[in-house]
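User: I am new to this structure and would like a close look at a single part of it. Please take one place and describe its surroundings step by step.

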Protein chains: 4
Amino acid sequence: MQNPIFNAIYKKIESETYANILGLKLVKLDYGYSLVKMAYSKDIENMFQTGHGGAIFSLIDEAFGAASNSHGTVAVALNVNVTYVKPAFKGDTLYAEAKEVSRSNRIGTYDIRVMNDKDELIAVCQAVAYRKKDRLPFLD
Amino acid sequence: MQNPIFNAIYKKIESETYANILGLKLVKLDYGYSLVKMAYSKDIENMFQTGHGGAIFSLIDEAFGAASNSHGTVAVALNVNVTYVKPAFKGDTLYAEAKEVSRSNRIGTYDIRVMNDKDELIAVCQAVAYRKKDRLPFLD
Amino acid sequence: MQNPIFNAIYKKIESETYANILGLKLVKLDYGYSLVKMAYSKDIENMFQTGHGGAIFSLIDEAFGAASNSHGTVAVALNVNVTYVKPAFKGDTLYAEAKEVSRSNRIGTYDIRVMNDKDELIAVCQAVAYRKKDRLPFLD
Amino acid sequence: MQNPIFNAIYKKIESETYANILGLKLVKLDYGYSLVKMAYSKDIENMFQTGHGGAIFSLIDEAFGAASNSHGTVAVALNVNVTYVKPAFKGDTLYAEAKEVSRSNRIGTYDIRVMNDKDELIAVCQAVAYRKKDRLPFLD
């Protein structure tokens, strides 16, 4: 992994408190692409003892952030639309995969899917990022 | 607060690990209505030192869950659409207010807004819940 | 109605073929606000003899376009999220009311509701416009 | 084409006034899948002389309706989220392709993409249908 942008994003996520609290790990990163992982734990349970919608969304958002910032300039979440297909359960490992669908100067569009380790679909997401002109502030 | 459904939801959220990790507090609850609070902390920062989209969404989702389950039967998140209007910053206290827009046997629709304590709009959300027939499992 | 921007938008919609085919009429217009009307007709029926989702969406989109362009510069639809609450039936007159929720240099956010003339909610919508710098091309 | 459900949907769309007004043609249909076509015409122009968001949405909605009803029971639009990527222009032929992403007893989820005949992406859509138990009323 020699790409300085990718290296910087990996490091940033590894040191992010929020990512660490939820156990979010960036597994793969490419231009407009990312794969992020989260193991189900008691900590992310909702009132029905399944994965909290907020935790699953956080997994999605982390993948979205990594993919949309992979071009080296700041991209921020503008709109995120999630459809929950199946609950996440104890024992699951969850993966969010983000793929860039389109990108212009100012706008990036992403498809994101969450699967568990039995290859079952947990959630689908369509997300829109607003792309600023600024270089990522944590690039050296 | 004598309503047994509301009491049960308050207690459930007070004891939810995920809510406690993020500092989510249910402030008000009524039929089809809720107000949930989250203080900004270092723990919820994203890579740009503003509030993580996943944390803001978790606040939204907690309000959505409380409001949609307030009728005493199980409601689960089906679709959630969030538009982020303004970042959350250090020092902010954030509030998500959920209001039921419509409700049929099977489907509930909710408008949710996130404001900070300066009365600035942080995010708007439209959410759809699927309503099961089952009574909330944690009602005595 | 002396405002030259509003006048120009009214005229534009009155002469729009698409609006005329569907019977869309701009009823009220203000900065960041619009009300558009559509009478149910056989022409907008879907395969179940209720109002076609595309026709109801077109009503929404016309209201969205009027409200988001009311500031005199070009705004284009970026993301539109619609939840259908109740079908539209023969005999209904439908109204879409668009309200600006937030506006920055580049982005505008709108809440849009469709009601029938019995004051029943037909659909709710959250929409995001991308705001260009250009003045509306049809302003004199 | 021997499948009686598919035949019935083809016929229904061929005779739908709304589809005919906009020039919507069902090109392919399979279980959970459809491809619908619309030629750009003056009739579908918005105030900026590009394809009206409502017309593009109607194309999407027709594909969504065909795919979600292809199992022979009534499915109605519950939530539709569209992101517009690129305008449609004079001379374009537009195609909406709907693919079922998941399906349970009550809920179906669909990805829909609109392309022009130069293979450019015009819009992406994520849609949720509510599935009733009733057989399609126009099946013999």
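In which sense do β3(C) and β3(D) pair, and over how many bridges? Please also describe the contact between chain C and chain D, and the position of D:Asn81 in strand β3 of chain D.

Analyst: The model is a predicted one. In it, β3(C) and β3(D) are paired in the antiparallel sense, over five bridges. One bridge joins C:Asn79 to its partner D:Thr83 in β3(D).

The pairing can be set beside the contact of the two chains. Chain C gives 32 residues to this contact, and chain D gives 32 residues. On the side of chain C that touches chain D, the elements giving two or more residues are α2 (17–22), α3 (53–68) and β3 (73–84) of chain C. The largest share of that side comes from β3(C), with nine residues. By residue type, the side of chain C that touches chain D holds 15 nonpolar, 10 polar and seven charged residues.

On the other chain, strand β3 of chain D covers residues 73–84, and D:Asn81 is found in this strand. D:Asn81 counts as buried because 25 other C-beta atoms lie within 10 Å, and the cut-off for buried is 20 or more. Leaving out residues up to four places away in sequence, D:Asn81 touches A:Asn81, B:Asn81 and C:Asn81, as well as A:Gln126, D:Cys125 and D:Gln126. Within chain D, D:Phe57 is 24 residues from D:Asn81 along the chain, and their C-alpha atoms are separated by 9.9 Å.

Technical notes. Residues are numbered from 1 along each chain as its sequence is written. Chains are lettered from A and ligands numbered from 1 in the order in which they are written. This is a predicted model: local features need pLDDT of at least 70, side-chain atom pairs count only at pLDDT 80 or more; totals for chains, interfaces and linings use all residues. Helices (H or I, at least four residues) and strands (E, at least two) are DSSP runs, numbered from the N terminus. A residue is buried if 20 or more other C-beta atoms lie within 10 Å of its own, exposed if 12 or fewer, and partly exposed in between; C-beta atoms are placed from the backbone. Two residues are in contact if their C-beta atoms, placed from the backbone, lie within 7 Å. Ala, Val, Leu, Ile, Met, Phe, Trp, Tyr, Cys and Pro count as nonpolar, Asp, Glu, Lys and Arg as charged, and the others, Gly among them, as polar. Two strands pair if DSSP finds at least two bridges between them.
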